[in-house]
Amino acid sequence: HMAHRFSLNGVWEVPVGRGRRVGSQMHPALNFLLGGWQMSAMLVLRTGNPFTIGILGDNLNTGGGYTQVPHRISEPTLPRSERTRGRFFDTNAFARPALYEIGNAGRNILIGPGARNLDGSISKQFRLNETKYFQFRAEFFNATNHPNWSNPGATLGTAAFGTITSNDNLPRVMQLGLKFLF
């Protein structure tokens, strides 16, 4: 499981419009357009998840069902400044064990890339009377359009070993909504 996760959520009622700090004496038609807006955001920052390095094939001749790990011959974790999508950890730190030999690498010895995400929305209620109003919403998922990378290839002997080939999130998505409440 990941070691750290930070979440921050908030809603801000923009102080513009009748009865608010800015424009408290605003004309009703102008208040209809400019007053009563609300902004909200959700920020999530987290560290990566641990993952296990495996080997290709059934080295132990057990018929499968057992995670077979390689030998760990040096420290595989690279300094943060040296990690790239093409080389997330030191692939030379592992060696395939001899046939029928159990590797010493252990499970969950590496930590995958962390993630950060910001979602937000802007909304406003356009009141027609006390019980009927329209609600407009503009929502932004992954508002910063930041890619959160998946874990790198973790199978010794494959072309993707140590390489990140995909991401865990979608690019920025925006949606607009209008609903009538009565």
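N142 sits in the loop between β9 and β10 (155-156), where strands are DSSP E runs of at least two residues and helices are H or I runs of at least four, both numbered from the N terminus. The model is a predicted one, so local features need pLDDT of at least 70 and side-chain atom pairs count only at pLDDT 80 or more, while totals for chains, interfaces and linings use all residues. Residues are numbered from 1 along each chain as its sequence is written, and side-chain values use heavy atoms, with hydrogens and water left out.

N142 comes out as buried, at 5% relative accessible area (buried is under 20%, exposed over 50%, partly exposed in between, with a 1.4 Å probe and protein chains only). Setting aside neighbours within four places in sequence, N142 is in contact with N117, L118, D119, N169, L170, P171 and R172; contact here means heavy atoms within 4.5 Å. With L170 there is also a polar contact: a polar side-chain atom of N142 lies 2.8 Å from the backbone oxygen of L170. The cut-off for such a contact is a pair of N or O atoms within 3.5 Å; within protein, one must be able to donate a hydrogen and the other to accept it, and residues adjacent in sequence count only if both atoms are side-chain atoms.

The backbone at N142 is worth a look too. Most residues other than glycine have a negative phi, yet phi of N142 is near 55°, a positive value. N145 also has a positive phi, about 55°, without being a glycine. N145 is found in the loop between β9 and β10 as well, but N145 is partly exposed, with a relative accessible area of 37%.

On to the sheet. Five strands, in the order β1-β2-β8-β9-β11, make up an open sheet with antiparallel pairing; two strands pair if DSSP finds at least two bridges between them. At the edges are β1 (5-13) and β11, each pairing on one side only. From one strand to the next the twist averages 10°, based on axes that are lines fitted to C-alpha atoms (for helices, over the stretch in contact), with angles running from 0 to 180 degrees between N-to-C directions.

Going through the pairings, β1 and β2 run antiparallel and are joined by 9 bridges, and E13 stands opposite Q38 in β2. Strand β8 (residues 115-127) pairs with β9 in the antiparallel sense over 8 bridges, with F140 in β9 as the bridge partner of G120. A hairpin connects β8 to β9 through 5 residues. Between β9 and β11, also antiparallel, there are 9 bridges; here Y133 has L181 in β11 as its bridge partner.

The aromatic side chains come next. A search of the whole structure turns up 9 aromatic pairs, a pair being rings of Phe, Tyr and Trp (its six-membered ring) with centres within 6.5 Å; planes under 30 degrees apart count as stacked, over 60 as edge-to-face and the rest as tilted. One of them, W37 with F136, is edge-to-face, at 6.1 Å centre to centre and 80° between the planes. This pair links distant parts of the chain, 99 residues apart: W37 is in strand β2 (residues 37-46) and F136 in strand β9 (residues 133-141). W37 is partly exposed at 23% relative accessible area, and F136 is partly exposed at 24%.

F134 and F180 form a tilted pair, 5.0 Å centre to centre with 45° between the planes.

The ring of F126 has the charged end of K124 sitting over it, 4.8 Å from its centre; a charge sits over a ring if NZ of Lys or CZ of Arg is within 6 Å of the ring centre and within 35 degrees of the ring normal. Elsewhere, R85 lies over the face of W149, at 4.1 Å from the ring centre.
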